[in-house]
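Notes follow below the model.

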Amino acid sequence: MYGGVAGASGRPLPLCQFRSQVAVLKTFALLQTLTENANPFPWLRHLNTLTIDMRLQITVALLLTATTVTNSQPESFKSGHAPEYSVAAAESADSAQPYLAQLKSELSELRDAALADDYAYRQVAHLTDNIGPRASGTAQAQAAVQYVADELRKLGLEVRLEEVKIPHWMRGIETAALIEYPGQVEGTSQKIVLTALGGNTPTSPDGITAEIVVVRSFDELKALGREKVAGKIVLFNVPFDKLKAANGMAGEAYGEAVAYRGTGAKAAAELGAVASLVRSVGNADYRLPHTGWSAPAGIPAGAVTSEDADLMGRLAAQGKVRMRLTLTSQTGPEVVSYNVVADLKGSEHPEQVVIVSGHLDSWDLGTGAIDDAAGVAVAMETAELAQRLHLHPKRTIRVIAWMDEENGGRGHDVYAKAHEAELGNYVAAIESDTGAAHPFGFQAKVNPKTLALLKPVQDVLQSFGANVIRLTDRSPGADIEPLAKAGVPALGIMQDARTYFNYHHTAADTLDKIVPQELRENAAAMAVMGYALANLPERLPR
Ligand SMILES: [Zn+2]
Ligand SMILES: [Zn+2]
C-alpha cells in the first residue's frame, strides 16, 4: 500500500526507491550533458572517454556520497533550522510532491475508515460500562490497564507496562448541613450537596462544626487576614465563566476557576481555616458537585454545588452561618500501577516517535467516558486503523494510556523521567483530554514553521471541519506537558467544549454523553494527525 508508483516489475515501488531512481536518472542526464557539450569542470575533463556503464557507476557513487554527507549532518541541521535555504531542500521539496500526494491519499483513506466505524465507541463502552470508574489505585484501574494492553497486543503492537507507584485515595462519607443561619426554623437544618476533593485531609468520623466565611477571590481571603479566617470553613465562591465556555473559551473559563480548587485549601490553611470548600468548577446547574484534585493542605477540602455555594453566599451576607461537615476520605498504601505503552514500529525510523494518547484513570463519581476513556479509545483506534488498512508508518506510532492524570499525574512524570534520554528523537506528542464532542482541529505548542508542513493534514481534515491548527504557548494536554517542556512538539485535539464542563468530574460523566458520530470524528482527527506526523517527509521543526 505504501508506494503508488509502478516499478519495472509492475509491482508498486516503495516511494523512497522511486525517489532515488529519479535522482539517479537526473544525475546521469547531467553527466551525459557535460560529456557531450563543453565541460566547465576541469576535474571532469576525462568524461568524454567514459563508457555509458562507467558514467552510470560514477552517478551511483556520487549519489551515495551525497547521501552519506546529508545523513552525517548534525541533528540541529536535520531538524529543520537550515534546510529551507539550501539547494538540497529545494530539490527534496520538489521530489516530495508525489510522496505527499500518496500520503494525502493514505490520510484520506484513514479518515474515511474512521468516520465509518465503531472501534473507539466499543472501547469506551467496555471501559465505562463493563469496567466502570477507574480511579488511581483501584481494581478497576488495574483491570483497565490489562484490558487496553490486551487489545493493543491483539492489534499486533509491541506492548509494555511501565510501572508507576501511586497512592490509593478512597472516598469516604461526604455530608454537610447548615446548622445555623439567619431565619432558620427551629429544629431544622439545610442539606448542602458536596463531594470531597482528591488530596482531602479527612475530618473525624463525627465531622467538624464551624462558621462559614465566603470569599470571591484569593485577594479577598488575604484582606480578611488570619483574624477573620482562623477556626472557620472558607468557601471560595468563584463562578465558572459560562459565557466564555459558550463562546469557545471553555479552557480559559476552567483555568480561571480551577485555581481555587487546586490551591484554595492551601491558602485557607495558611490563615488557620479548619476546612476549605470550593464552588464546583462546572458549567451546568443540576446541583451536581464536581470533584477534582486539590493540593494536600492538611485540612479537609471539598466542592459544593453552584446552587449551594450561592445559597451560602446569600445567607452569609445576612448573618452568621455555621456548618456541620464530614469528609472521611482515606489514602491507602502505595499501589503499583502502569502506563500502557504500545508501539507500532516505524519502518524507516523506528527510533523516531509520535505519541498518540489519552489517560486511562478517571474520577470515581462517574465512569469517566468523556474524561478520558474517549481519549484512550481514539488513540487506540489510530493503531487499529493503520493495521486494518495495512498502512505502515515510517516513524514509530506509540499509543500511550496514561495512569494517574487525575490524582497527581505520576504516570506522565515517571514516563518523562524514564524516557528523558530519547526525547530528542520524539517527533511529536498528541493527547485527547477535553472530551469527545466534535473536533475543530488541534491546539499546538509547536514551532510556527510547522504550520506550512501541516497543510496536507488540514486539507484532509477539512471535509468534516477538523482542520483548525491553533498555536498555543502552553501544553495542550496535562500528560504531554513534561514532554512539551522538554521541547517535544505537542498537540491536543480541540473539541467543541461548550458542554464538556457540564459533566466533567461528576457522576454524570457516563457513556450516554458520547455522541457516536462525534467520537468517530475524534478518531479520524487523531489517526490522520498521528499517521501524518509519522510519515511527513521532514520531522517537525523544534
Ligand atoms: Zn482528563
Ligand atoms: Zn479530569
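I started with a helix pair: Ala120, Tyr121 and Val124 in α5 meet Pro516, Leu519 and Ala523 in α17. I count two residues as in contact if their C-beta atoms, placed from the backbone, lie within 7 Å. By class, this contact of α5 with α17 has six nonpolar, no polar and no charged residues. Ala, Val, Leu, Ile, Met, Phe, Trp, Tyr, Cys and Pro count as nonpolar, Asp, Glu, Lys and Arg as charged, and the others, Gly among them, as polar.

I noted that the model is predicted: local features need pLDDT of at least 70 and side-chain atom pairs 80 or more, while totals for chains, interfaces and linings use all residues. Residues are numbered from 1 along each chain as its sequence is written, and chains are lettered from A and ligands numbered from 1 in the order written.

Helices (H or I, at least four residues) and strands (E, at least two) are DSSP runs, numbered from the N terminus.

Next I looked up the sheet. It is open, with eight strands in the order β5-β4-β11-β7-β8-β9-β10-β6 and mixed pairing. Its edge strands, β5 (190-192) and β6 (194-196), each pair on one side only. Two strands pair if DSSP finds at least two bridges between them.

β4 (residues 174-180) pairs with β5 in the antiparallel sense over three bridges. Alanine 176 has isoleucine 192 in β5 as its bridge partner.
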